[in-house]
Amino acid sequence: MLPPELIQLLTASDLVDLRIDAIPKLQVGFRPESLFSSFTSQDGEAKLTFTFIPHQIPLNKDHEFFEDGDIHRHLYLQNLSTCPAYDSPTARQCEFRCHISGCSQVFSTVEDYEHHYNTLHRHVCSSCQRSLPSARLLDIHIQEWHDSLFSILAERQDMYQCLVEGCGLKYRTREQRKDHMIKIHKYPSDFMFDKAKRIKNIKIAKKNMLQKGTSMEVSMSVSEPKGVCEVLSDQPEEEEYMEINHSLEPGILDPAGNPINTVELSTDHDTAPILSVTIQPTTNQQRPQHNRERHSYRVPRTVCFGQGSVQGFRGRGRRI
Amino acid sequence: MWRLNAVRHKVGRQGSDLEEFKFKRRAHEKELRRARKDSQLVSKRLLLNDDDEEEDGTMDTLASDQVVELFKMVRHGRDLVKKEADLRALRKALRSPSAHLILIKQPNSIAILVTNLCGPNPQCRLEAARCLHELSHSPHSEVDSLRLRQATPYLITFLSGQSPKFTELCLYTLGNMCPDSENVRDMLLAQGIIPALNNCIQIHRTNLAVVEAVGFTLSQLISANYVTGRIIPAVLASGLIPHLLSVLTLDSQFGLGPVIECAWCLHYLACSNVDNGALVAQGTLLRCTSLLVTLGGVVAKGSIEEGMELLIWPLLRCVGNLLLSGPLGALQPQLNDSRLLAALCAFPQAFLQTHPALARESVWVLNNLTAAADSSMFCSALFYLNLVPALIQLLPFSHGINIMVLRVLGNIAHQGREYCLHLAQAGLLPALCATLKMADPEVVTFSLEVLDQLMASDPQLAEEFVRQSGLPVLEAIQYSNQETIRLRATHLLEHHLPPHCTVDTSASP
């Protein structure tokens, strides 16, 4: 329970010098220069952003901070505190919350949170908000779906890479690649070559599914949201290998990569404000699109962050 | 004296009784919380008599005419021996609250009891005192201090008497009356209750049951709401403080009752902030911190007694508030035992699961020790004694604990670069990577504040943070729906991590 050093310190009977004024004091203060930029300007800006200042906290007897202790005292005064299993409130471990604006899912362990984040928020394509399992697959996805040059080149040469890492072979069509993966790499024929693996729960609003899939389509019964923005009809309808399709919200970019006006998507559950997320490093983030208090954020297509871009998407509720 | 053991026996008898007891206790706790929110948290104590225990469960409630009859006999009786028996019977009848209403309806009932209280026969005095004590504990609002006020000057006078049992009764009766109203307290003050308490505690200083009763009564006097501005200064000036302080030891024979009561008195005095300088000058901080160190030793040995938290709680609060009474440098002579810091780190570990609020308050005291202008010696001591890892271990816990720990860590980080480096050595950076992912936005905000201080102090800490895979966490936080969090995360990414935060424009055409 207690670290042995601590026990030692509190129970040692020999008279070690434990006076505070005998303990060597560490030097206070900070270096005057900083390596990155002039300390003073950085310091000034930091002071505006970061507001914590060490301060002592006085508490009067009626402060809510003292509530539990007072209750315990009064239970004792009233002879009610002697009970073998006292139901006092026990300390809980903190919950973890996904910080992506609009995600807000809560998890009871950090492993659950990390799994969620790695599954849904990493390797996300900034054009279509699909999340891919790895950086390589993300690259392939972007190349095959969002690169206009690719389709031109694909007419002349073999561009469809085998998805198995290390294979290196390329094929002229998707079907050929699929055949290769089934025959050579022994992938099951019902592997989701062309359809998204829908992992998301049904609280996500789907985009308008125009059912032009192949017979491999696997669809879960997801309630159609009302009033989906039609801007998305330009997007390719076929799903891709192992994608997780987030709800394609209004407010994402049109194919040209320009931010568009957002339209609130109405769904049958709690209002969800989310829209894709933007990052503009030097300016304010908010650009309210609506009379509502929620803000929208958009990521320019050209921006992608090393560890996987983060996009907004809908999905609320608790996952345990 | 509080017969905790007796209560426990009753509780342990049958399983169903236990369940019912727990259920009642839970309901009761809810009521107490509500009362506290309404600023009406009041408790009274009923002293059990020796013969009460024997007859437990066999008493029948007397019919009202029987009570009236008994009272008449007391009133008119001439034979002292018989009167004593009648008074005893009356007192037993008063164990049933319905008898209270019957009695007070009788003309001059209180006056008669008071007469017997002051009468020549010691046994009659005792029984009369017991009757009044039962009435002071009455659940009926009609039986209030106003009714009983005829008795108070006598009760107060008897506090300077020599008989411990009788004195104890008078004390608890007065203590039960204190919370009733401001008028009552004014009256008691005017009638000289404080000098009387001061006398009492000196006369009976070896009788710990009486000392406990003095502590209880004083705590009721000074903890009531709307305590008049005169009571606390009167207590501070009365010379009671040194006597209260002398009780602050762990006497294993008698039990913790008296120490607990005196400690709560000191807490109420300290948080009223009337004259904490005077409290400190009389050695309050020194005594409280020594006792905390002793308790820390007990906790470390693993031999926590039941009820020990009732003592630790007020001591922590008293020390926490007294730390603001002056510059820490001036207080330092009373805070010179570095084991205090160890105790303050041991309590949260020990009480985390049973009393998390106590864990939180312990860390609050650490905040007050580390947040002052001249806290550097305490911060240095935390490193020297290797106590920081124990604090970091508390970061997963909610209930306000992790926020208070982050405050302490922030306080330490603000001391300087050396302190930041030591914090990193103690393993703070990976711990912050975890707290940054937590659901509570306040935890995240505080974590960012601490992180800023660390990274601003030395670039190698920023590198270490990146090595701990902190960068994706910060990037994720940039999309938080809380602006305060976004701004801070962005600031950190821009100012402290520029070599790493590259904008990759090659990802999509």
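This is a predicted model: local features need pLDDT of at least 70, side-chain atom pairs count only at pLDDT 80 or more; totals for chains, interfaces and linings use all residues.
Residues are numbered from 1 along each chain as its sequence is written, chains are lettered from A and ligands numbered from 1 in the order in which they are written, and side-chain values use heavy atoms, with hydrogens and water left out.

**Chain A overall**

- Chain A has 7 helices and 7 strands. Helices (H or I, at least four residues) and strands (E, at least two) are DSSP runs, numbered from the N terminus.
- From the N terminus on, the order of elements in chain A is α-α-α-β-β-α-β-α-α-β-β-α-β-β.
- Of the 320 residues in chain A, 46% are buried. Buried means under 20% relative accessible area, exposed over 50%, and partly exposed in between (1.4 Å probe, protein chains only).
- Among contacts in chain A with a separation of 6 or more, 51% come from residues 24 or more positions apart. Contact means heavy atoms within 4.5 Å.

**Aromatic pairs**

- Rings of Phe, Tyr and Trp (its six-membered ring) pair if their centres lie within 6.5 Å; planes under 30 degrees apart count as stacked, over 60 as edge-to-face and the rest as tilted. By this rule there are 10 aromatic pairs over all chains.
- One of them is A:Phe66 with B:Trp364: the ring centres are 5.8 Å apart and the planes stand at 75°, so the pair is edge-to-face.
- This pair joins two chains, because A:Phe66 lies in the loop between helix H2 (39-49) and helix H3 (67-77) of chain A, and B:Trp364 in helix H23 (residues 356-370) of chain B. Both A:Phe66 and B:Trp364 are buried.
- B:Tyr172 and B:Phe216 have ring centres 5.3 Å apart and planes at 40°, so this pair is tilted.
- B:Tyr172 is in helix H11 (residues 164-177) of chain B and B:Phe216 in helix H14 (residues 208-223) of chain B, so the pair ties together parts 44 residues apart in sequence.
- B:Tyr172 counts as buried, at 0% relative accessibility. B:Phe216 is buried as well, at 0%.
- A:Phe65, A:Phe66 and B:Trp364 form a cluster linked by ring pairs.

**Charges over rings**

- A charge sits over a ring if NZ of Lys or CZ of Arg is within 6 Å of the ring centre and within 35 degrees of the ring normal.
- B:Arg360 lies over the face of A:Phe65, 4.5 Å from the ring centre.
- A:Arg174 lies over the face of A:Trp145, 4.1 Å from the ring centre.

**Helix packing in chain B**

- Helix H4 (residues 64-76) and helix H5 (residues 80-93) of chain B have axes that come within 9 Å and cross at roughly 150°. Axes are lines fitted to C-alpha atoms, for helices over the stretch in contact, and angles run from 0 to 180 degrees between N-to-C directions.
- Residues making the contact include B:Leu70 and B:Met73 of H4(B), and B:Leu87 and B:Leu90 of H5(B).

**Positive phi**

- Most residues other than glycine have a negative phi.
- B:Asn273 has a positive phi, near 60°. B:Asn273 sits in the loop between helix H17 (257-272) and helix H18 (276-281) of chain B. B:Asn273 is exposed, with a relative accessible area of 56%.
- B:Ser469 also has a positive phi, near 60°. B:Ser469 belongs to the loop between helix H30 (459-467) and helix H31 (471-477) of chain B. B:Ser469 is partly exposed, at 46% relative accessibility.
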